[in-house]
Amino acid sequence: MVRSLVEVKNLVKHFPIRGGVFLKEIASVKAVDDVSLTIGEGETLGLVGESGCGKTTLGRLILRLEEPSSGEVFFQGKNILLLDKEQMRSLRKDMQIIFQDPFSSLNPRKTVSHIVGEPLLVHGLRSRREREERVLELLRVVGLRREHMRRYPHQFSGGQRQRIGVARALALHPKLMICDEAVSALDVSIQAQVLNLLKDLQEEFGLTYLFISHDLAVVEHVSDRLAVMYLGKIVELAESFQIYQSPLHPYTQALLSASPIPDPAFRRDRIILKGDVPSPIDPPSGCRFHTRCLYAEDICTQKEPQLREARENHLTACHFAGSVGVH
Ligand code: SF4
């Protein structure tokens, strides 16, 4: 059994909305609502869902870039919410994030050498020569060259900029990397190169990934397990191949039906989801998906389905999971 690197228990994040003269809380955005999951050491957990479903907030909560409203986050068995500022600073070396848009996350006025070397300096590597050697090594690892060190972010293509972001994230030998839509802004061919690079790095350095994306096709290539999120809740969680072969939740079925299949001999009927994602300020009662679900019945509007094991190691939150008509 693989040991957990990350364990999230009943995590909740509600962002208050304030109004009136006294700026009293008048409502809240339920971005993450009672989420529990684990990420095993060396595993890639894919986290998918439409934009606004709370997946980025969940990633930020795991890194403690946001404080949760309630719940717990364990990293290597330690509850990180109990750590003080200094302990958290030291732990941050082990947890890194790669963003969707490398251009906005890389300082345009700094050279690559400075950008990649900065975390080393912040964490105590004072010798300039040693830093440069380490930067050079990191650039080599991500497929860039010595001459790239003195250039600025605007002098690179999107794929190369993402490689710089990866080199910077790798600088402190992290254990966990959260890739938040890390390849979404790239052309398909460049996406494949960056995904392959991330896979190679995982093997070389034993990295653990939380791979966040709205695109199931991208996540399929990299994930061992997959969590599907809808309006702040995990609605399905299983090994990737189980979900791709036989999704149990109607939302996952609809997402998959819209995802392109590389094999032209294989066809899936497209399921068109009704309406837009409801507001996370006032999510629907019962099953949050009932306003868009093809199979909704009365119980779905009244009772919230719990995430439960509908098949071996295959969790889903649907009253009718596994029964005729739903899959
Ligand atoms: Fe659809 Fe009901 Fe299942 Fe929710 S619980 S996914 S509304 S069938």
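Contact, for this talk, means heavy atoms within 4.5 Å. This is a predicted model, where local features need pLDDT of at least 70, side-chain atom pairs count only at pLDDT 80 or more, and totals for chains, interfaces and linings use all residues. Residues are numbered from 1 along each chain as its sequence is written, and side-chain values use heavy atoms, with hydrogens and water left out.

Start with glycine 42. What does glycine 42 touch, not counting residues up to four places away in sequence? Gln202, Gly206, Leu207, Thr208 and Asp224. Take aspartate 224. From glycine 42 to aspartate 224 is 182 residues in sequence, but 9.8 Å in space, C-alpha to C-alpha. Glycine 42 sits in the loop between strand E2 (24-40) and strand E3 (44-48). Strands here are DSSP runs of E, at least two residues; helices are runs of H or I, at least four; both are numbered from the N terminus. The cut-offs: buried is under 20%, exposed is over 50%, partly exposed is in between, with a 1.4 Å probe and protein chains only.

Next, strand E10, residues 233-239. Six of its seven residues are buried, so E10 is largely enclosed by the rest of the structure. Strands pair if DSSP finds at least two bridges between them. E10 runs antiparallel to E9 (residues 225-230), with six bridges joining them. Tyrosine 230 has lysine 233 of E10 as its bridge partner. E9 and E10 form a hairpin with two residues between them. In that turn, leucine 231 has a positive phi of about 45°. E10 also runs antiparallel to E12 (residues 314-316), through two bridges. There, leucine 237 stands opposite leucine 315.

Now the helices. H4 is residues 112-122, and H5 is residues 128-141. Their axes (lines fitted to C-alpha atoms over the stretch in contact, with angles from 0 to 180 degrees between N-to-C directions) come within 9 Å and cross at roughly 115°. H4 and H5 are therefore roughly perpendicular, a term that covers 65 to 115 degrees. Who makes the contact? From H4, Val112, Ser113, Val116, Gly117, Leu120 and Leu121. From H5, Arg131, Glu132, Arg134, Val135, Leu138 and Leu139.

Which residues of H4 are buried? Val112, Ser113, Ile115, Val116, Gly117, Pro119 and Leu120. They pack against H5 and helix H6 (158-170). Just after H4, glycine 124 takes a positive phi of about 105°.

Technical notes: Angles under 35 degrees count as roughly parallel, over 145 as roughly antiparallel, 65 to 115 as roughly perpendicular and the rest as oblique.
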